[in-house]
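I set down what I looked up, in the order in which I looked it up.

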Amino acid sequence: MRRAAWLLVAPAVALVVVLFVMPYANLLVMSFFTPATTAPYEPTVTLGNYKVALADSFQWRVLWRTLKLGVLATVATLMLGYPLAWNLARASGRTKAALLVLLLSPLLVGVVIRSFGWMVLLADQGLVNSLLRRSGLAPGGFKLMYNEFGVLVGTVHIFLPFMVLSIAGALENIAPDLPLAARSLGASATKAFWRIVVPLSLPGVFAGCLLVFVLTVSSYVIPVLLGGFKVITTPLLVVQTAVDVSNWPGAAAQAVVLFAASLACIGVYVSLMNRAMRGLSG
Amino acid sequence: MAGIQLRGLTKRFGSVVAVDDLSLDVADGELIALLGPSGCGKTTTLRTIAGFETPDAGEIYFGERRVSDLLPEQRRIGMVFQNYALFPHMTVAENVAFGLEMRKTPAAALRERVAAVLAKVQLTGLEKRYPRQLSGGQQQRAALARALVVSPDVLLLDEPLANLDAKLREEMRFYVRSLQQEVGITTVYVTHDQAEAMVIADRIAVMFAGRIHQLGAPADIYHRPATATVAEFIGLTNFIEGKVIGQHGALLNVDTSLGVLTCQGSLPSPDARPMLLVAVRPEALRLSAPSGSPPAENRLDGAVKARAFLGNIVDYRIAVSPSVVLRVQGAPHDSFAVGDRVAVTFEPAAAWSVPSREDTA
């Protein structure tokens, strides 16, 4: 029985090992090799790549920007997504199906197409700016893309469904009698929401934030298209180092640093959330 | 403390009338059970009293206080839900303290009252447990404590025992009843379980299709159901249709297909149809051997068609005519076998008349 169970998960394990664990291990090993010009690397062990990655203030600024965009996108999707999730969780029947289609339909279009869509809207001569100019509200228009704002707008839009679905799942699991019980005990609708609904939805908030954060700090296409290489994030830097400069070990070290930094952020976040969710599980 | 008055309460969901012009007076300190099958409007009535539903018409008073336009949190109610609705992220003590916190009770008084009410429901020592760490019965008592600690004007219970196992449910009936009497709080108790309503209530309101068919003490409801629907819902009843042909004091002579039967009742009003139903409970019917010279009044001769031994009683089906089969329940010692000829007799005082179904439908 036990052996049969292991056999059943074997294909999945093999897939993860070959496509996920081995490339990562390869990356980690490569980050300790010496850069070379004629081959991807020279198999001489060195700490030089990390010395460069950690000593270079430019790389720290890029890392900081990457994590900052991750946090901002997470906060923005949370604030936009919670009300959406609330309405999605309370809807039923045809309304719910319609809302789900609306929410998920952007996922059917690739991330490149959607980023181009935002470029049409946000460009200097784009829809938003020409409307602003023509209406006289802002004759000079605004710089809406090729900066962090543009990257953030695209990121928030594209990752919003992940946040909404996570939170809506948690909200749907809250028995409708719970807020009513709070009301019967003298809590206003607002108090019942903050004291009962919000704490009980934290597991969904937790999962949604985690998803959006890791998706944002690792995203490549959105910062390239909406940042126009003016907003350099670590994934962009890694690709530039590897492809443009052909410094594969240096790029590997940068990737490992980003990974470690994200892991540290997630670690702090998980311990904070666990404290907030005391009593919800276990 | 206050009584509850419902005046012409009506609640519609789309084209469905869930509560239909319902009026009810619950006396101060009284426990009334709303009893009926699912979908009869009993829970909607309760949720309207709580303020979770807005009535389409009608008014609700707690004593002199008109509450129909108040929000639930302004009504000063205590409510126990079918699934208890304990807050899963709060301990027992935090659950019970919630209502006091909302009323801004000072910390010292709050701790004292939480401890007192937990002692009353025998949950002392479990303050720090989370609801999922409690048994069903303990959760039930925690929910009662949470509702009672705020000294509400009225207590509303929505099938509070439905999720307990049978044995515990029976114990909790007596427990809830004695707790309610000890606190002396006006209570509306929703249930679909007639035995529960009988044990727990001062009076029972039997509801069908959004209306109260009968309101009375448990014994009255059982012994004198006002309609065939009530009689069928509460316990088992045999009905024999007939036409009134005479009245002697409180007794009616009814001409049925099985002969003339005598039962309690009053003459139907002159404009009503003369047809009515003679109703008699299975345990009020007595079986005897035809040779044993049973009384001639209210005697029906038949044969045992089926027999089931239920432990404390024997459940018979007696065919008294090709189309009429009576349900008879007797003590296990007077035993008849399938096929035996028997005489079925009953006291006129044990049978009563109810309007025929066409009149109440």
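The entries below go from the fold of chain A to the pockets, the cavities and the interface.

**Entry 1: model and fold**

I note at the outset that this is a predicted model, and that I read every value here as computed from it. I began with chain A, for which I find 12 helices and two strands. For the overall extent I took the principal axes, along which the C-alpha atoms of chain A fill a box of roughly 75 × 70 × 35 Å.

**Entry 2: the largest pocket**

I then asked which residues lie nearest the centre of the largest pocket. They are Tyr24(A), Leu27(A), Ala255(A), Leu258(A) and Phe259(A), out of a lining of 24 residues, and the volume of this pocket comes to about 620 Å³. By element, I see that α1 (2-30), α9, α11 and α12 of chain A each give at least two residues to the lining, while the largest share, 10 residues, belongs to α12(A). Sorting the lining by class, I count 21 nonpolar and three polar residues and no charged ones.

**Entry 3: the second largest pocket**

The second largest pocket has a volume of about 430 Å³. Its lining is made of 15 residues, and I noted Trp86(A), Arg90(A), Pro176(A), Pro179(A) and Val197(A) as those that lie nearest the centre. The elements that supply at least two residues each are α3, α7, α8 and α9 of chain A, and α9(A) has the largest share with four residues. By class I find 12 nonpolar and three charged residues in this lining, with no polar ones; one of the residues nearest the centre is Arg90(A), and arginine is counted as charged.

How many cavities of 30 Å³ or more does a search of the whole structure find? The search returns three, and I followed up two of them.

The largest cavity has a volume of about 90 Å³. I list its lining as Ala53(A), Leu54(A), Gln59(A), Trp60(A), Val62(A), Leu63(A), Thr234(A), Leu237(A), Gln254(A), Val257(A) and Leu258(A). The elements that give two or more of these residues are α2 (48-55), α3 (57-90), α11 (234-244) and α12 (248-276) of chain A, and I see the largest share, four residues, coming from α3(A). I divide the lining into eight nonpolar and three polar residues, with no charged residue among them.

Around it I find Thr66(A), Leu69(A), Val151(A), Thr155(A), Thr216(A), Val217(A), Ser219(A), Pro223(A), Thr233(A) and Pro235(A). Here the elements that give two or more residues are α3, α7 (148-172) and α9 (189-217) of chain A. The classes are five nonpolar, five polar and no charged.

**Entry 4: the contact of chain A with chain B**

Last I turned to the interface, where 22 residues of chain A and 24 residues of chain B take part in the contact. The size of an interface is often given as the accessible area lost when the parts come together. For chain A and chain B that buried area is about 2100 Å², with 62% of it given by carbon and sulfur atoms. On the side of chain A, Ser184(A), Leu185(A) and Arg195(A) supply 31% of the area that the chain buries against chain B, more than any other three residues.

I next looked for polar links and found three salt bridges across this interface, together with four residue pairs in polar contact. I wrote out one salt bridge, in which the side chains of Arg47(B) and Asp177(A) meet at 3.8 Å, N to O. As for the elements, α8 (177-184) and α9 of chain A each give two or more residues to the side that touches chain B, and α8(A) gives the most, with seven residues. By class, I divide that side of chain A into 11 nonpolar, six polar and five charged residues.

Note on methods. Residues are numbered from 1 along each chain as its sequence is written. Chains are lettered from A and ligands numbered from 1 in the order in which they are written. This is a predicted model: local features need pLDDT of at least 70, side-chain atom pairs count only at pLDDT 80 or more; totals for chains, interfaces and linings use all residues. Side-chain values use heavy atoms; hydrogens and water are left out. On a 1 Å grid over the protein atoms alone, a cavity is a set of points where a 1.4 Å probe fits but cannot get out, and a pocket is an open set with protein on both sides within 12 Å along at least five of seven lines; lining residues have an atom within 4 Å of a point. Grid points are joined across faces, edges and corners, and a volume is the space filled by probe spheres set on the points. Contact means heavy atoms within 4.5 Å. Buried area is the accessible area (1.4 Å probe) that two parts lose on being put together, summed over both. A salt bridge is a side-chain nitrogen of Lys or Arg within 4 Å of a carboxyl oxygen of Asp or Glu. A polar contact is a pair of N or O atoms within 3.5 Å; within protein, one must be able to donate a hydrogen and the other to accept it, and residues adjacent in sequence count only if both atoms are side-chain atoms.
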